[in-house]
Amino acid sequence: MPLMATAICALLTTGCVKGPDDIPPSPTPTPTPTPTPTPEEEYDAAFKTYVGVPIASNQDWGFNASVAAARGMTRGSETGYFIDDDYDKNYSRSYYDAIFDRLPEGKKVPENIQKNFEFQDNGPFRFDIIFSNTLVKDIEIGYYHYGKDETPDKRDEVTLVQSLDKDLETKAYYQYIKSFGDWITPDAAMGYNMFTVENAQSVHAKMITLRDGSGGDSTDVSVNDRVGFYVKINGKTYYTNRYLNDNEEDKYFAVTYDEKDGEKLYNSWVVGIEDLYDNDYDCNDIIIAVNKNLEQTYPTLITPEKPVGEDLSASENTDFDFNDIVLDVTLTKDGADCVLQAAGGQLPLRVNGQDDYEVHKLFGVEDLKMMVNTINLEKNPELKKYDPGKKDPVKFSIKGPFSSVKEVLIEVKKEDGKWHPLYADTGKPACKILVDPTFKWADECHSIGDPDYYPKFFDWVKDRNVKWYP
């Protein structure tokens, strides 16, 4: 009866007046069909259930990370640097002893030392170039920088030392001391192996300060810019970002700090350069100390990116292992160089909208049920039938005007026969995330947030500043 009364009332308000006998029986209402959720809606709902925490409104899933309260930097003169005599320019022999403890002489850089890196601005900072243990003279050293919304190919390179041997002849910044109080400008041999000189105890350094414009300097390096170093030896240039090198596996730089008490080595990051003289790759031949600025903050150490993704499959049993595709991406002036590392999905997945770049096809695997480089048979022997065996990473290049890694298109073909892009919208569920190239993806059927993998993942979801993996 309440339904009929409501209906009559509605009819009366239209001005159509009828007697009781004239009212036709109410038709049986047709149920409104429940819309079938899209794959994206299913995934988003499953993701929210999985994380069980609110997603931070600024959570950008690693694709557009920025540094809070960052300040711009400048270089202080047309030559790209200036010397500030208010700073202490002396480095003691004990400083080098600590460096060589971390970067042993004549030994390849240990695996636990970062060898692929850049710095991101937190305000003006200072770095000191200290020649320590090289016999090579024809060396050019500089830094490069590019904006947070730019790719490395947009970098601006600033030369700091045009030629090591000529610079040593004309500058007084590279000196050793035989006894305290007696500084001596080095000759051709002494300048390169300072601490092989008898009784040498301390050394001067060339000091470069990137400033924020407060002293009237022209702004050169902007807020959140990435800054790295390069060295040119025998006409060939090498970068701290190894993806800029001809062979990305070659490691000519290392950065370290004293981990014993959680403090940086003698209050500085230590960037070591390999001079290729002996090809020992110990990365201690030339030293750059990256120091705090006047506000007592360091630049942030960062690494190039490796995106990983989940293929939009969503159910109560979704594993959220984020290994359905693991793809290294390096942006170039023409597009991007890619390295396919793993393909744990069982649906067609393609890159850049190109069927030739379907991930199973790239690995030479015909059966979509096969999961490449994601199965740990010790943990999951029952998955053996889905394991095609270890596959080498596959390199390929794509064309496109990409301003960020986020724009590289990755799609999955769902049961509806359509290709669906993987997405990572700020503050919403994501089916792809961006991580460092050192990231080790989770094994098949193991959640990325499992205790044996990355349990701080959930903390990161609600606070993007959480460091959730090594």
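This is a predicted model: local features need pLDDT of at least 70, side-chain atom pairs count only at pLDDT 80 or more; totals for chains, interfaces and linings use all residues.
Is Lys251 buried, partly exposed or exposed? With a relative accessible area of 23%, Lys251 is partly exposed, because buried means under 20% and exposed means over 50%.

**The chain as a whole**

The protein chain holds 6 helices and 26 strands, and 51% of its 470 residues count as buried. Its accessible surface comes to about 23000 Å², with 49% of that area belonging to carbon and sulfur atoms. Of the contacts in the chain with a separation of 6 or more, 70% are accounted for by residues 24 or more positions apart.

The mean pLDDT of the chain is 75, and 71% of its residues reach 70 or more. Among the elements of the chain, helix α1 (residues 2-12) has the lowest mean pLDDT, 26, whereas helix α5 (residues 359-362) has the highest, 95. The pLDDT is below 50 over residues 1-24, a stretch that has 3 contacts in the model beyond near neighbours in sequence. It is also below 50 over residues 65-87, and that stretch has 85 contacts in the model beyond near neighbours in sequence.

**Two covered strands**

Strand β5 (residues 139-146) is largely enclosed by the rest of the structure, because 8 of its 8 residues are buried. In a regular strand the side chains alternate between the two faces of the sheet. In β5, Ile139, Ile141, Tyr143 and His145 point one way while Glu140, Gly142, Tyr144 and Tyr146 point the other way, and all of them are buried.

The bridge partner of Phe131 in β16 is Ile286.

| Strand | Partner strand | Bridges |
|---|---|---|
| β5 (residues 139-146) | β12 (residues 226-233) | 8 bridges |
| β5 | β6 (residues 156-161) | 5 bridges |
| β4 | β16 (residues 286-291) | 6 bridges |
| β21 (residues 349-351) | β24 (residues 410-413) | 3 bridges |

**An open sheet**

Four strands form an open sheet in the order β22-β21-β24-β25, and their pairing is antiparallel. Its edge strands, each of which pairs on one side only, are β22 (354-358) and β25 (419-421), and the twist averages 45° from one strand to the next.

In soluble globular proteins, nonpolar side chains tend to be buried together. The largest nonpolar core in this model has 58 residues, and those with the most contacts inside it are Trp61, Phe457 and Trp468. A second, separate core of 33 residues includes Phe127, Val136, Val221 and Tyr252. Leaving aside residues up to four places away in sequence, Trp468 touches Ile433, Val435, Phe439, Ile448, Tyr454, Lys456, Phe457 and Trp460.

Trp61 itself lies in the loop between α2 (39-51) and β1 (73-75). Its relative accessible area is 0%, so Trp61 is buried.

**Backbone and loop details**

Most residues other than glycine have a negative phi. Trp61, however, has a positive phi near 60°, and Leu276, which is not a glycine either, has a positive phi of about 65°. Leu276 is found in the loop between β15 (268-273) and β16.

Lys251, with which this report began, has its place in the loop between β13 (236-239) and β14 (253-256). Which residues does Lys251 touch, not counting those up to four places away in sequence? They are Lys115, Arg242, Tyr281 and Cys283. Lys251 and Glu274 are 23 residues apart along the chain, and their C-alpha atoms are separated by 8.3 Å.

Key: Residues are numbered from 1 along each chain as its sequence is written. Side-chain values use heavy atoms; hydrogens and water are left out. Two strands pair if DSSP finds at least two bridges between them. Axes are lines fitted to C-alpha atoms, for helices over the stretch in contact, and angles run from 0 to 180 degrees between N-to-C directions. Buried means under 20% relative accessible area, exposed over 50%, partly exposed in between (1.4 Å probe, protein chains only). Contact means heavy atoms within 4.5 Å. Accessible areas come from the Shrake-Rupley method with a 1.4 Å probe; for residues, only the protein chains shown count as cover. A nonpolar core is a set of buried Ala, Val, Leu, Ile, Met, Phe, Trp, Tyr and Cys residues joined through side-chain atoms within 4.5 Å. pLDDT is the predictor's confidence in each residue, from 0 to 100.
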